[in-house]
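Please examine the sequence and the structure shown here before reading on.

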Amino acid sequence: MRYAHTNIAAKDWEKVADFYINVFKCTPKLPERNLKGDWLDKATGLKNARQFGMHLNLPGFEGTIAPTLEIFSYDDLVDRNPMMANHKGFTHIAFEVDNVDETLEQVLKNGGSTLGEIIENRIEGVGIIRFTYCRDCEENIIEIQSWKYD
């Protein structure tokens, strides 16, 4: 068993893909997708579903079989209120980076926004974490973290 991917349903999949490519050094995993048909309707529970977008290889993995970030748009995309860190269900994706401050700067330069402050705290038995929560260009929550392990 292995972890396969995390999906982001985006209004503008190309803009969101560019954000993750520019900020977190994800790389495109071709081909781009344009999926539709009875099989997709049955799988998603939607009528006349069409997904289009691409997968991005996540940083820190080598080879052809690695987890991806799947960024797809739908012809019929339903809006929701912005997610908060304490909402029920999946709330964020996290990236371990060399420099939290510089990465947050790149988030902001690429259309993202802050959600909280940069904090440094000792986690007993693990080490010191420096981290913050922020949002990508479509308000999905990202945790940026850097560790000094014990």
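In this predicted model, I144 is in contact with F24, F95, V97, V100, T103, L104, V107, R130, F131, T132 and C134, when its neighbours within four places in sequence are left aside.

I144 also belongs to the largest nonpolar core, which has 26 residues. Together with Y20, F24, I71, F95 and I142, I144 is among the residues that touch the most other members of this core. At least two core residues come from each of α1 (13-24), β3 (50-57), β4 (68-74), β5 (92-96), α3 (100-109) and β9 (141-149). The greatest contribution is that of α1, with seven residues.

| Pocket | Volume | Lining residues by class |
|---|---|---|
| Largest pocket | about 810 Å³ | 13 nonpolar, six polar, five charged |
| Second largest pocket | about 280 Å³ | six nonpolar, four polar, four charged |

The largest pocket has a volume of about 810 Å³. It is lined by 24 residues, of which N7, I8, A9, R80 and N140 are the closest to its centre. At least two lining residues are supplied by each of β1 (5-9), β4 and β5, and β1 gives the most, with four residues.

The second largest pocket holds about 280 Å³ of space. Its lining comprises 14 residues, and V23, K25, V97, D98 and T103 are the closest to its centre. The elements that give two or more residues to this lining are α1, β5 and α3.

Technical notes: Residues are numbered from 1 along each chain as its sequence is written. This is a predicted model: local features need pLDDT of at least 70, side-chain atom pairs count only at pLDDT 80 or more; totals for chains, interfaces and linings use all residues. Side-chain values use heavy atoms; hydrogens and water are left out. A nonpolar core is a set of buried Ala, Val, Leu, Ile, Met, Phe, Trp, Tyr and Cys residues joined through side-chain atoms within 4.5 Å. Buried means under 20% relative accessible area, exposed over 50%, partly exposed in between (1.4 Å probe, protein chains only). Contact means heavy atoms within 4.5 Å. On a 1 Å grid over the protein atoms alone, a cavity is a set of points where a 1.4 Å probe fits but cannot get out, and a pocket is an open set with protein on both sides within 12 Å along at least five of seven lines; lining residues have an atom within 4 Å of a point. Grid points are joined across faces, edges and corners, and a volume is the space filled by probe spheres set on the points. Ala, Val, Leu, Ile, Met, Phe, Trp, Tyr, Cys and Pro count as nonpolar, Asp, Glu, Lys and Arg as charged, and the others, Gly among them, as polar.
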